[in-house]
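Me: I would like to go through some of the terms used for this structure and check what each one rests on. Please set the values against the definitions as we go.

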Amino acid sequence: MDLQLSVDRNSPVPLYFQLSQQLEAAIERGKLSPGSLLGNEIELAGRLGLSRPTVRQAIQALVDKGLLVRRRGIGTQVVHSQIRRPLELSSLYDDLEAAGQRPATRVLRLETTAADAEAAAALAVAEGAEVRLLERLRLTHGEPVAFLRNQLPPDLLRLEAGELERTGLYRLMRGAGITLHSARQTIGARAASPAEAELLGEEPGAPLLTMQRVTFDDTGRVVEYGSHLYRASRYAFDFQLLVRS
């Protein structure tokens, strides 16, 4: 591990937290990639002039966040960085790519089907009307992070599984001349069902973030109804809050 780490002993911030934050930043920026070993606690403590319990506490904080794992006979290993996504109208694929997360997609379903009541209300069509159904598993570094379920008007654009595995849905929309303008979005949480847990590599009952989004183009037409699941251990939404004067 060749990182520039330092601690400020005059700071009111606890030393373990300073170290933990620097290691987390290195993971987020890809300086510590998934699978890399963190190194020996004793060596790290001596290098920074810290006690071994302080270093152990910093590492444990990242283990608790799911960023590191202790493996018997191997040492402390980087698992992955948590995906922090801004709360704006953008695609997960574009956000992952911009963050250097090497996104990949597995198309699970791509078919024309009848809209149920929920999809019909979102897409402003009659219940039972034809819609284009798309289900995908989104991965980073070969690990699943999200299950994406989208329903679109059937004549909106031509979709092929091969293209959807190479790029994001919003890129394909923009390439077809569709101007995305705004969206109505709801974020929640719930426990994973056994099937969802198996798909996302979690334990049954593990927390999942949920997102429902209805997206409009610049003419006011509904172009997408999305219902997505994200692994809470791997994913977070970032909000910017402003004080109203």
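Me: Which residues does Glu41 touch, not counting residues up to four places away in sequence?
Reply: Glu41 touches Arg52, Val55, Arg56, Ile59 and Arg70, where contact means heavy atoms within 4.5 Å. This is a predicted model, in which local features need pLDDT of at least 70 and side-chain atom pairs count only at pLDDT 80 or more, while totals for chains, interfaces and linings use all residues. Residues are numbered from 1 along each chain as its sequence is written, and side-chain values use heavy atoms, with hydrogens and water left out.

Me: Why does Glu41 count as buried?
Reply: Buried means under 20% relative accessible area, exposed over 50% and partly exposed in between (1.4 Å probe, protein chains only); Glu41 has 10% relative accessibility, and therefore counts as buried.

Me: What makes α1 oblique to α3?
Reply: Helix α1 (residues 15-28) and helix α3 (residues 52-64) pack at an angle of about 45°, with their axes 8 Å apart. That angle makes α1 oblique to α3, since angles under 35 degrees count as roughly parallel, over 145 as roughly antiparallel, 65 to 115 as roughly perpendicular and the rest as oblique.

Me: Which residues of α1 are buried?
Reply: Gln18, Leu19, Ser20, Leu23, Glu24, Ala26 and Ile27 are the buried residues of α1. Among the α1 residues that meet α3 are Leu19, Leu23 and Ile27.

Definitions and conventions
Axes are lines fitted to C-alpha atoms, for helices over the stretch in contact, and angles run from 0 to 180 degrees between N-to-C directions. Helices (H or I, at least four residues) and strands (E, at least two) are DSSP runs, numbered from the N terminus.
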